[in-house]
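Hello,

Here is the structure you will be working with. My notes follow below it.

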Amino acid sequence: MTGANKMLNNAFGRYDPTQATLYVYNLWKAYDGIPALNGLSLYMNKGEVLGLLGPNGSGKTTTIKIILGLLKKDEGIVNVLGYNIDKEPYEYKKLIGYVPESSTIPEYLNTYEFLYYMGRIRDISEPVLRPRIDALLTRFNLAEKKKALVTSLSKGMKQKLIFSSALLQEPKILFLDEPFIGIDPEGQFELKLIIKELMQNGCSVLLSTHLLDLAERFCDRVAIVNKGRNVATGNLKELKELAHLGKDTTLEQIFLTLTKESKVQVETGPSEQKKRKFLGFLSR
Amino acid sequence: MAIKEIYLMRLIASFGSFRRSKSTILLLLIYSLSGLGLIPLILSGEESTGNLFTQMILQYPILYLFPTLFLFYSIISQISVVDYERDFIFSTSVKPYEVFYAKTLYDLTMILFILFLPFIFAFVAVILLLKVFYIAFFAIVFLILSLSVILENSFKVLTIFYKKNLVRLLIVFVILAFCAPVILNFAFGDTPRAINLISPIGALQELLISRANPSEMIAPVASFFIWAIFSITLFYKASRFNFLPFAQVVPLRAAFDTSFRYQVQKQQYLLSRMNRFSIPIYLENAPRSKVLFYAKESFVRTLRFGDIYGLILTLVFLSLPYFLIGNSNLEDFTQTSFPMVMFLAVFFPIILTQLWITEFVDYFWIIKAFSSEVRSYIIGTFTWQMSIFLPLMLISQVIVYLLTGPISFDSILFSTLLVIVNSSFGVYYGIWTIKRKSFTPYIFMMGMLFFVLLSTPIIMMNFIGKLFMLPSLYNLALTIASLIYTIIAASVFLFLSIRMFELMEV
């Protein structure tokens with residue numbers, strides 16, 4: 001076992017380097033001195049849906065943005081599909097898909113142009129790209145809106161369009177940041193089917209949400225994040241054990257118990273600065 | 001009566017932005033001071049300058065421009081209400097005519113505020129010195145604007161309730177009648193002064209010209225009176241309809257709101273308006289080269305937001321003096337062609353960069369998240385700017401050539417170099433602004449200063465040769481020096497843009 005794997009094993013418990021498609025270790029980030037991430041660590045296996053669960057402002061979106069290179073981390077290690085994002089900041093981007101929290105996509109392009117634009121940015125060759133766009137437009141019932149400007153689409157349609165753009169290059173990892181907000185139940189059902197299909201093909205999904213019932217039904221494992229830290233990670237059974245709660249406990253109860261405990265820990269634990277220095281030393 | 005409340009509410013909402021930012025107040029101050037130059041003209045004596053005004057300004061088609069634009073706007077747009085009005089006011093027992101009156105009053109206030117503000121000091125001076133001619137002149141502008149706003153709003157409502165094409169035809173007739181003196185003069189040369197009476201603007205001009213002779217004032221007064229009756233009748237008719245369910249709901253567009261969010265909002269609004277007139281060029285047939293792909297994407301954006309039309313319109317306005325002076329056979333006029341091209345080369349990159357930032361700021365995450373390299377995007381953006389400016393400069397040169405004769409080769413060369421430096425700096429400035437997330441007017445002013453400073457060496461090197469009448473060898477050396485400066489500046493700014501893009505957080 002290599003030094004890095006040993007370190008990750010210590011951090012994550014049952015970490016298997018042959019299965020992991022993503023690991024984030026000891027991630028720190030502050031905005032103008034205000035901490036957003038306080039040493040967050042997590043990993044994700046191949047074909048797994050990992051739920052990133054936490055209240056507003058817990059650091060879910062910041063984590064995803066750092067992984068995607070949209071934000072710079074202060075400290076920590078991020079490895080996506082074997083690429084260390086510090087050393088190889090671009091290669092892994094051809095292999096991932098991303099559905100952001102808010103639908104800010106170029107409104108001046110039409111539906112087809114938007115997908116074409118996204119495909120070209122990702123260096124997908126034209127002969128591959130065009131049939132894929134047509135297939136995705138049909139799959140997401142957007143074929144009729146092919147020539148419509150993005151600005152004229154409804155919120156649900158825009159979200160579908162972003163979703164289809166994330167699938168253009170058949171991603172190995174899909175990052176979904178609150179993906180179902182604004183989509184009708186029928187659309188949500190459709191998207192969930194597509195995600196399940198992707199998982200069967202070996203795609204891992206990192207799903208950031210604060211919808212507890214969605215995480216409970218949809219995720220293989222859940223990482224509960226609070227105040228920029230991973231409070232607990234595991235499947236529902238493991239989390240129940242961790243929270244010392246009974247069999248019929250819901251994720252909501254687990255979530256509330258664990259986040260409350262973490263709050264107490266933060267208030268009574270060692271100073272953040274000391275801990276940060278110590279973990280920084282370890283990661284080096 | 002809710003008219004006063006609706007009107008005041010809109011005013012407060014519009015001018016609320018003044019309280020928010022110091023830069024807005026500063027901008028307003030600069031704007032209002034810009035007309036100070038008129039005061040010496042007013043003080044210098046009524047008769048001579050009065051005649052100058054009569055000859056130059058009143059005969060100049062600029063007076064026809066605003067009414068024509070207002071009326072034309074009523075063809076392409078529909079009556080609008082502000083979003084908060086729809087949500088909070090229309091659910092009460094307010095009557096449609098009250099909203100209509102308040103809206104018209106508000107529109108008139110805003111137009112007067114925006115157009116009269118630069119002349120506010122001149123206006124105060126005119127009142128204090130009791131300069132009758134100028135008071136009459138301001139009154140005429142006020143009457144023309146009032147008539148235009150009343151007609152614009154009335155037509156917008158009537159379009160909803162009558163056959164659209166019939167109302168539009170009527171608007172076209174009114175526009176033609178408004179501009180009749182200009183059109184007939186342009187077509188047939190010197191036309192009889194009675195032609196002026198067809199148009200309300202012409203009638204008011206006649207009134208001003210014939211102010212010394214009261215007997216000649218009857219016809220212009222009668223003509224204007226007929227136009228006023230016509231406008232008020234239309235206005236009254238329009239106010240009887242319940243237009244509220246058909247009105248377009250728009251976000252409140254505050255005057256002089258310099259906030260960046262507002263600029264972005266305004267661009268979104270422009271997209272919905274201008275896209276209809278866009279030339280059908282689509283991104284899906286983009287070139288293979290990634291640099292050209294990005295350039296084309298930016299070009300499509302420029303077309304759909306209508307930026308290109310804005311630039312062309314500016315070019316037309318800049319060419320107007322050339323049309324006017326060009327006909328007067330002034331000697332050495334070719335010397336004046338350079339400043340116009342130079343203006344384009346310095347200020348158009350600023351305008352386009354600012355538009356690029358406001359239009360693309362929300363989409364940088366796409367490039368950051370998915371692009372396998374940023375170099376192509378930066379070079380592509382630079383190429384896009386060049387692809388806009390070079391043809392525009394060529395057009396301006398052709399205009400100058402058609403109006404004044406030979407084009408100076410120096411002017412083309414140095415302007416091209418200016419455009420290269422300013423476009424590369426534009427890319428850097430855009431990325432720097434977004435990285436810092438600083439969109440305040442101060443930063444914009446600072447950017448403008450740098451655009452001008454970076455242009456100075458090239459402008460200097462061009463003028464040194466002419467000023468000291470240096471031999472051609474020295475001129476060649478200066479040209480080579482400008483070329484080297486351009487290459488170094490462009491390379492440095494593009495390189496820095498790439499580095500900065502990599503560090504940018506979105």
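A residue is called buried under 20% relative accessible area, exposed over 50%, and partly exposed in between (1.4 Å probe, protein chains only). By that rule B:Ile484 is partly exposed, because its relative accessible area is 45%. This is a predicted model, in which local features need pLDDT of at least 70, side-chain atom pairs count only at pLDDT 80 or more, and totals for chains, interfaces and linings use all residues. Residues are numbered from 1 along each chain as its sequence is written, chains are lettered from A and ligands numbered from 1 in the order in which they are written, and side-chain values use heavy atoms, with hydrogens and water left out.

Next, the contact between the chains. Chain A puts 35 residues into it and chain B 38 residues, where contact means heavy atoms within 4.5 Å. The buried area is about 3,200 Å², and carbon and sulfur atoms give 59% of that; buried area is the accessible area (1.4 Å probe) that two parts lose on being put together, summed over both.

Four salt bridges are counted between chain A and chain B. A salt bridge is a side-chain nitrogen of Lys or Arg within 4 Å of a carboxyl oxygen of Asp or Glu. A:Lys29 and B:Glu505 form a salt bridge through their side chains, at 2.6 Å from N to O.

On the side of chain A that touches chain B, helix 3 of chain A gives the most, with eight residues. Helices are DSSP runs (H or I, at least four residues), numbered from the N terminus. B:Ile484 lies in helix 21 of chain B, residues 472-503.

Regards

Methods: Helix = DSSP H or I, 4+ residues; strand = E, 2+ residues; numbered from the N terminus.
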